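Me: I'm new to reading protein models and would like a close look at one part. Could you walk me through it slowly?

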Amino acid sequence: MWSTTLLGRLFVQSTVWLGAMGLLLFLPAGTWRWPQAWALLAIFAIGSGTFGAWLLRRDPALLAARLGPLMQRGQPLWDKVFLLAFAFVWCGWLVLMALDAQVWHTSAMPPLFNVIGCLLVIAGYAATGIVFRVNSFAAPVVRIQSEREQRVIDTGPYALVRHPMYAAGLIYIVGMPLLLGSWYGLLIVPVMIVGIASRAVFEERLLQRDLPGYADYMSRVRYRLIPGMW
């Protein structure tokens, strides 16, 4: 019964999310004939479906956590503000890229860059799958999952950086404007990187304070997002 419920929630949330992305791209563009946007949605649809089916079988608790509400008890106020702000920026970003690439025609991007962007988006999704494989607590909301006996994860990509999920997200965030063909969209990427990096810092403060063993983990793994840099 739980699996059936999770499957239904996965289908509904994925459909709503992809539908919203489609509207934010195609309505401002004024056309459905935009192959790059269809490619982006296809990657997200295949990735969401594949990860959802895999987690339903391998780690339904993680899938349930990822399908949970974005506002939860025990979640700090700063994370609620961040998620609302990030959602607003994300939606505006999609609209900007649609206008830039299909209405204003201000970005003359070589097709090779579209291909590179496509590969980056796919690579970001693949890296996310590696994170899911080793960390059953990779929920989208920052809080201590005491009901699931959350513990420090230090294997796989977590042996290289402390926030591999964010690092994977940055890969496809860089790839999306390249795939869609929008230089203006690429200009927004540094703002999103700063936001994600700031969240990583605040999240570490919470984990260092409330998750046993995390302070020791921070002393062993020096870098947050990029090995050898930060």
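Is Glu204 buried or exposed?

Reply: Let's start with what you're looking at. This is a predicted model, where local features need pLDDT of at least 70 and side-chain atom pairs count only at pLDDT 80 or more, while totals for chains, interfaces and linings use all residues. Residues are numbered from 1 along each chain as its sequence is written, and side-chain values use heavy atoms, with hydrogens and water left out.

Now to your residue. Glu204 is buried, because its relative accessible area is 2%, and buried means under 20%, exposed over 50% and partly exposed in between (1.4 Å probe, protein chains only). You'll find Glu204 in helix H7, which covers residues 183-210. Helices here are DSSP runs (H or I, at least four residues), strands are E runs of at least two, and both are numbered from the N terminus.

So who are the neighbours? Leaving out residues up to four places away in sequence, Glu204 touches Arg162, His163, Tyr214, Met218 and Arg224. A contact here means heavy atoms within 4.5 Å.

Leu6 counts as buried because its relative accessibility is 1%. Again skipping residues up to four places away in sequence, the residues it touches are Leu56, Pro60, Leu63, Ala64 and Leu67. Take Leu56: Leu6 and Leu56 are 50 residues apart in sequence, yet their C-alpha atoms are 7.5 Å apart in space.

Let's zoom out to the whole chain. Eight helices and zero strands make it up, and 44% of its 230 residues count as buried. Among contacts with a separation of 6 or more, 79% come from residues 24 or more positions apart. The C-alpha atoms fill a box of roughly 50 × 45 × 30 Å along the principal axes.

One last stop is the cysteines. Cys91 is partly exposed because its relative accessible area is 33%, and Cys118 counts as partly exposed at 21%. A disulfide is a covalent bond between the sulfur atoms of two cysteines. With the cut-off of a pair of cysteine sulfur atoms within 2.5 Å, the count comes to zero disulfides.
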